[in-house]
Amino acid sequence: MTDLTPPHLRSFEASVLTGDATPEDLETLRKRSSVYVYESPVRLWHWVNALAITVLAVTGYLIGKPLPSMQISEATHQFVMGYIRFAHFAAGMILTVGFFGRIYWAFMGNSHARQMFILPITNRRWWYEVFYELRWYMFLVPEPKKYVGHNPLAHAAMFFFMTLGITFMMLTGWALYAEGAGQGSLPDTFMGWLLGLIGNSQILHMLHRFGMWSMVIFVLIHVYAAIREDIMSRQSTVSTMLSGHRTFKDDRPD
Ligand code: HEM
Ligand code: HEM
């Protein structure tokens, strides 16, 4: 039987590609490759954590700078600050459980699940690549390098703003909660010591609020970088946190 497949499609006979692929498409397909990098618990945690932090930042801001609730209606008919504080504490509890789950997955998951918790600060090449990536973000080098996990600059930012940042917000948040729950309560038993150490509830509130602004700064840069890198880098970014797969756009060495 005569083979009717066009010559440029012959090497792809076994694939499901229909005849619409041009020779250029096929050349691209040969060069692209994909690695499964972020397992489902990491992706699930990412989006739950992002949602919790968004709720915490909005409600936390309002806790520190309350709405003029008397302009909404008579105070006896509403519970505005109560609902806002409830949403804050509920999201704070989700954030806490999620973070412990994420730590568990750092032990159980693949090596990329551990990346966010460890900084290779003694590795000179890593430092070189942090600054290389910084120059790429500042449009000072024409092309970025390729990475299966987070790039070194993102890795450093995630370690300081998220791994340490979330820990700081959990500690200070639970210490504030312990103050409200009262002496002898469970939160007080675990976290009451922090207020004693800092000595003043107002300073604790202020530290917790500074933490919020550092999270807001991280999120703004992070979302910009994720979208920018999806478009400009040599690999997929946003879809990687959705599907778990990192796709590379070329087969040149990094
Ligand atoms: C990303 C995480 C978090 C952010 C951005 C955040 C943000 C804030 C902000 C801005 C305030 C107001 C501080 C002020 O100006 O007085 C606040 C208060 C508070 N937060 Fe958080 N928070 C976070 C996590 C947590 C967690 C994990 C808990 C633990 C349950 C928590 C419990 C509290 C409590 C008890 C208050 C004081 C409420 C009050 O005085 O009425 N927060 N938070
Ligand atoms: C409050 C909002 C957000 C926070 C706190 C946050 C935090 C994080 C953290 C901690 C990681 C590291 C994940 C890990 O190793 O387990 C990460 C990765 C990532 N995030 Fe977010 N994220 C937020 C929103 C977003 C949004 C809106 C997008 C999409 C536009 C996004 C896209 C990504 C991507 C693509 C990665 C993987 C980066 C890579 O390719 O290596 N994030 N994010």
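Trainee: What share of the 254 residues in the protein chain is buried?

Mentor: A residue is buried if 20 or more other C-beta atoms, placed from the backbone, lie within 10 Å of its own, exposed if 12 or fewer, and partly exposed in between. Here buried residues make up 16% of the 254. Keep in mind that this is a predicted model, where local features need pLDDT of at least 70 and side-chain atom pairs count only at pLDDT 80 or more, while totals for chains, interfaces and linings use all residues. Residues are numbered from 1 along each chain as its sequence is written, with chains lettered from A and ligands numbered from 1 in the order in which they are written.

Trainee: What is the radius of gyration of the protein chain?

Mentor: It's taken over C-alpha atoms, and the globule rule is 2.2 Å times the number of residues to the power 0.38. For 254 residues a compact globule would come out near 18 Å, but this chain has 24 Å. Along the principal axes, its C-alpha atoms fill a box of roughly 85 × 50 × 35 Å.

Trainee: How many helices and strands are there?

Mentor: Both are DSSP runs numbered from the N terminus: helices are H or I with at least four residues, strands E with at least two. The protein chain has 8 helices and 2 strands, in the order α-β-α-α-α-α-α-α-α-β.

Trainee: At what angle do H2 and H3 cross?

Mentor: Axes are lines fitted to C-alpha atoms, for helices over the stretch in contact, and angles run from 0 to 180 degrees between N-to-C directions. Angles under 35 degrees count as roughly parallel, over 145 as roughly antiparallel, 65 to 115 as roughly perpendicular and the rest as oblique. The axes of H2 and H3 come within 8 Å and cross at roughly 150°, so H2 is roughly antiparallel to H3.

Trainee: Which residues are closest to ligand 2?

Mentor: A residue is near a molecule if its C-beta atom, placed from the backbone, lies within 6 Å of it. Ligand 2 has 21 residues around it, the closest being Ala-50, His-150, Met-162, Ala-226 and Met-241. H2 gives the most to that shell, with 6 residues.

Trainee: And which are closest to ligand 1?

Mentor: Gly-60, Gly-64, Gly-92, Gly-173 and His-205 are the closest of 25 surrounding residues. At least two residues of this shell come from each of H2, H3 (80-108), H5 and H7.
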